[in-house]
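This note is meant for a colleague opening the structure for the first time.

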Amino acid sequence: MKLQKYLSVFKINLLESLTYTTDMIFHALISGIYVFIFIKLWTAIFNQNPNFLGFTLNELLWYYGMVQIILLFGGSPVKEISSSIQKGEVVNSLNKPYNFILYNLCESLGKTVFLFLIGLFWVSLMLVFYVGLPPLDFKFYPLIFLVILLGVLINYLIGFSIATIAFWVEDATPYQWIYSKILFIFSGVFFPLELLPLFLKNIAQYLPTSFLLYYPAKLFVQFTWELFWKVFSFQIAFLILFYGLSLLLFSRGVKKVSVNGG
Amino acid sequence: MEGKKYFAFVLAYFKQNLSTAMEYRVNFITQFFFMVLNDFFFILFWYFLFKKIDNINGWGFESSILLFAFAGLSYGFLDFFFGNWRELNKIIAEGSLDFHLALPKNELLHTMISKSNFSGMGDIVFGVCLFFLFGNMTMVSMGVLIIVTATGTLVLFSTNLIFQSMAFYVGNAQGLSSAGMNFLTGFSVYPISIFDSTWRFIFYFVFPIAFITNVPVILLQSFSLFWLVASIFASTSIFLVSLFIYKKGLKKYESGNLLNIRV
């Protein structure tokens with residue numbers, strides 16, 4: 001019963017998002033543009049250097065395609081939540097019978113799940129056409145979906161924690177910007193962590209950011225049970241950590257909100 | 001005479017936009033600083049990649065950085081001086097073009113210059129720094145740099161104008177314009193040598209994106225009169241085509257009956 005209301009929020013937002021199908025198709029198309037460029041770029045590199053970074057061309061392109069697909073799911077709540085805090089709209093949610101974090105999370109997942117599916121279809125179609133089927137056996141797909149979902153949840157909670165900074169400072173955007181740059185280097189969004197110099201790679205592989213995109217995509221192309229359990233256990237730990245942090249920051253932050261009525 | 005008047009007109013808007021930037025100095029400096037840092041993070045990819053390989057089909061680290069430098073200059077210039085160049089589709093769809101159509105100056109130029117994105121200055125400064133660091137600049141190459149930046153910027157502006165003008169034909173073209181902008185950005189910051197002959201044909205003759213960054217890099221590194229003439233020809237041609245599409249579309253424009261107060 002308790003979870004039913006969150007499921008309803010998810011469903012309502014999913015149905016609402018279907019109104020903007022054309023927008024979503026264009027959004028997925030944009031991902032396709034970058035996948036296409038990377039197909040060409042990495043094909044040129046692999047023609048000169050086979051087995052570059054310990055990947056085959058098929059593995060590396062499916063890695064990159066998977067990253068692009070994951071990016072379409074969930075998204076970051078920083079802009080929305082911090083603006084709601086800035087404008088004081090957050091007070092409207094305080095007396096409602098739901099958990100603010102879970103409510104917004106389900107809203108965000110509902111809004112993007114269809115986009116994720118369009119992206120999955122479109123990017124997969126391109127990759128099958130250019131480099132053939134992905135290397136992973138079909139039976140492992142549910143496990144991959146699990147680590148993708150955990151990564152999306154952690155990303156959301158990190159974003160939520162950043163957004164709550166707006167309770168203390170006027171604008172949380174610079175913090176989101178710094179986070180996006182950390183993601184750029186340490187999440188594997190643009191290139192697998194194997195491309196980093198060794199000392200940066202050693203740091204990056206234990207940062208929470210690499211469990212959002214890099215490890216889920218890497219598992220998809222180079223699955224081992226050992227890696228799966230490592231990724232899964234770290235993700236659970238980070239999930240608890242960032243959920244706790246989000247709760248703590250939000251509960252401290254709302255105490256600073258003053259309601260004037262009107 | 002007419003040209004002189006337009007120059008004064010553009011200059012007046014530039015002064016106005018600059019004084020706005022100085023009024024919100026902290027905002028200007030923040031946007032400038034973030035853009036420089038943003039660009040720096042992008043070139044890190046090339047740095048890491050070329051630590052592990054020598055070249056990509058003949059393109060080395062310096063050439064790839066120069067691609068980015070040209071892109072920075074073109075995007076920065078358009079963002080700072082022609083701030084509405086990415087927003088035209090919205091202006092058309094909302095019917096806000098009325099304001100500019102009712103005035104005696106060219107409505108396209110007027111719309112473009114009536115806004116400035118301060119972050120563009122960050123792109124410009126970063127691009128110029130890259131040229132001095134990686135471009136082996138001489139007096140001759142400085143001249144080439146100015147000409148090919150102008151032609152590249154014109155190609156970028158024109159191809160984008162084609163996408164933006166689709167709003168005249170389909171109404172809400174936000175998705176299409178955004179896809180177009182990503183198409184331009186994505187393809188212009190990578191070496192053309194990674195694409196096969198069909199795509200190269202498209203990038204030279206259909207959507208001459210190659211002339212935004214790739215040809216300018218070739219020209220800067222080894223000057224050839226052929227490529228210089230081709231750049232001038234390609235940029236002029238695509239500009240005329242884009243103006244034709246824009247003007248055709250403008251005839252379909254429907255006023256939004258919108259009242260605007262410009263303060």
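1. When the whole structure is searched, one cavity of 30 Å³ or more is found, and the volume of this largest cavity is about 40 Å³. Please keep in mind throughout that the model is a predicted one.

2. Which residues line the largest cavity? The lining is made up of Val10(B), Tyr13(B), Phe14(B), Asn17(B), Phe80(B), Phe81(B) and Ile113(B), and by class it divides into six nonpolar residues, one polar residue and no charged residue. Helices α1 (2-23) and α3 of chain B each supply at least two of the lining residues, with the largest share, four residues, coming from α1(B). As background to the spacing along such a lining, an α-helix has 3.6 residues a turn, so residues three or four places apart point the same way.

3. The second largest pocket holds about 440 Å³ of space, and 21 residues line it. Those that lie nearest its centre are Phe77(B), Leu78(B), Phe82(B), Leu154(B) and Phe157(B). By class, the lining of this pocket consists of 17 nonpolar, three polar and one charged residues.

4. Several helices of chain B take part in the lining of the second largest pocket: α3 (61-81), α6 (107-113), α7 (119-134), α8 (139-170) and α12 (225-250) each contribute at least two residues. The largest share, seven residues, is supplied by α8(B).

5. Turning to chain A, helix α6 runs over residues 100-131, and its 32 residues should span 46 Å at 1.5 Å a residue, which agrees with the 44 Å that separates its end C-alpha atoms.

6. Over all chains, the structure holds 84 aromatic pairs. One of them is formed by Phe73(A) and Phe116(A), whose ring centres are 4.6 Å apart and whose planes meet at 20°, so the pair counts as stacked. This pair links distant parts of the chain, since Phe73(A) sits in the loop between α3 (57-71) and α4 (78-87) of chain A and Phe116(A) in helix α6 of chain A, 43 residues apart.

Definitions and conventions:
Residues are numbered from 1 along each chain as its sequence is written. Chains are lettered from A and ligands numbered from 1 in the order in which they are written. This is a predicted model: local features need pLDDT of at least 70, side-chain atom pairs count only at pLDDT 80 or more; totals for chains, interfaces and linings use all residues. Side-chain values use heavy atoms; hydrogens and water are left out. On a 1 Å grid over the protein atoms alone, a cavity is a set of points where a 1.4 Å probe fits but cannot get out, and a pocket is an open set with protein on both sides within 12 Å along at least five of seven lines; lining residues have an atom within 4 Å of a point. Grid points are joined across faces, edges and corners, and a volume is the space filled by probe spheres set on the points. Ala, Val, Leu, Ile, Met, Phe, Trp, Tyr, Cys and Pro count as nonpolar, Asp, Glu, Lys and Arg as charged, and the others, Gly among them, as polar. The expected span of a helix is 1.5 Å times one less than its number of residues. Rings of Phe, Tyr and Trp (its six-membered ring) pair if their centres lie within 6.5 Å; planes under 30 degrees apart count as stacked, over 60 as edge-to-face and the rest as tilted.
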